[in-house]
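Hi,

Here is the structure I promised to pass on. Have a look at it first, and then read my notes below.

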Amino acid sequence: MMDGEAFNIRARGRMHIEEMWGAGREDLASTLYADDVRDHNPAPDQRPGLAGILDVLRWLREAVPDLSMRVDQYVVDPPYIADRWTMTGTHTGAPLMGVPASGRAFRISGMDVSKFGVDGKITDIWHVEEFWRLRDQLTEEPASP
């Protein structure tokens with residue numbers, strides 16, 4: 001049985017992945033993230049804090065307008081949540097990882113660990129994505145080592 005805090009973290013975790021990232025709900029960012037959130041695996045040249053999170057969200061959505069994300073599994077241990085997710089989309093927009101719009105569909109997986117503060121906002125996030133697999137799916141030549 002899940003206690004109230006774990007239930008709330010799980011609900012916010014799903015909102016974070018499926019609604020903010022997966023549906024592009026930029027309006028949820030300030031509700032889900034602390035202004036000074038620490039992204040422990042930032043994208044190249046990503047600004048710190050919430051501004052950097054929003055930069056990455058916009059960059060990704062500009063490249064993949066139909067992007068969708070689904071949570072496959074959660075493990076909640078307040079104040080942390082670990083999630084495993086699947087991302088799908090079609091690269092029809094801006095360049096992505098140096099690749100011009102390819103029109104190719106892709107499917108990758110990833111995992112996050114997020115720490116929630118006392119105000120219910122994410123204060124720290126660690127994440128791993130299958131970006132080599134993504135690049136392979138956007139191009140004809142494998143980029144993986």
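Let's start with two helices. This is a predicted model, and in it the axes of helix α1 (residues 4-23) and helix α3 (residues 49-63) come within 9 Å, crossing at roughly 60°. The two helices are therefore oblique to each other. On the α1 side the contact involves M20, W21, G22 and A23, and these meet I53, V56, L57, L60 and R61 in α3. Sorted by type, the residues of this contact are 7 nonpolar, 1 polar and 1 charged.

The largest nonpolar core has 33 residues, and M20 and W21 are among the ones that touch the most other members, along with Y33, M69, M87, L96 and F106. Helix α3 supplies the largest share of this core, with 7 residues. As a general point, nonpolar side chains in soluble globular proteins tend to be buried together.

What does M20 touch, leaving aside residues up to four places away in sequence? The list is M15, R25, L28, A29, L32, Y33, I53 and L57.

Now for the whole chain. You'll find 4 helices and 5 strands, in the order α-α-β-α-β-β-β-β-α along the sequence. The radius of gyration is 15 Å, close to the 15 Å that the globule rule gives for 145 residues, so the chain is as compact as a globular protein of that length. Its C-alpha trace spans about 50 × 30 × 25 Å along the principal axes. Buried residues make up 39% of the 145. Of the contacts with a separation of 6 or more, 55% are between residues 24 or more positions apart.

Cheers

Notes. Residues numbered from 1 in each chain as written. Predicted model: local features only at pLDDT ≥ 70, side-chain atom pairs only at ≥ 80, totals over all residues. Heavy atoms only, no water. Axes fitted to C-alpha atoms, helices over the stretch in contact; angles between N-to-C directions. Parallel < 35°, antiparallel > 145°, perpendicular 65-115°, else oblique. Contact = heavy atoms within 4.5 Å. Nonpolar A, V, L, I, M, F, W, Y, C, P; charged D, E, K, R; others polar. Core = buried A, V, L, I, M, F, W, Y, C linked by side-chain atoms within 4.5 Å. Buried < 20%, exposed > 50% of the residue type's maximum accessible area, 1.4 Å probe, protein only. Rg over C-alpha atoms; globule rule 2.2 N^0.38 Å.
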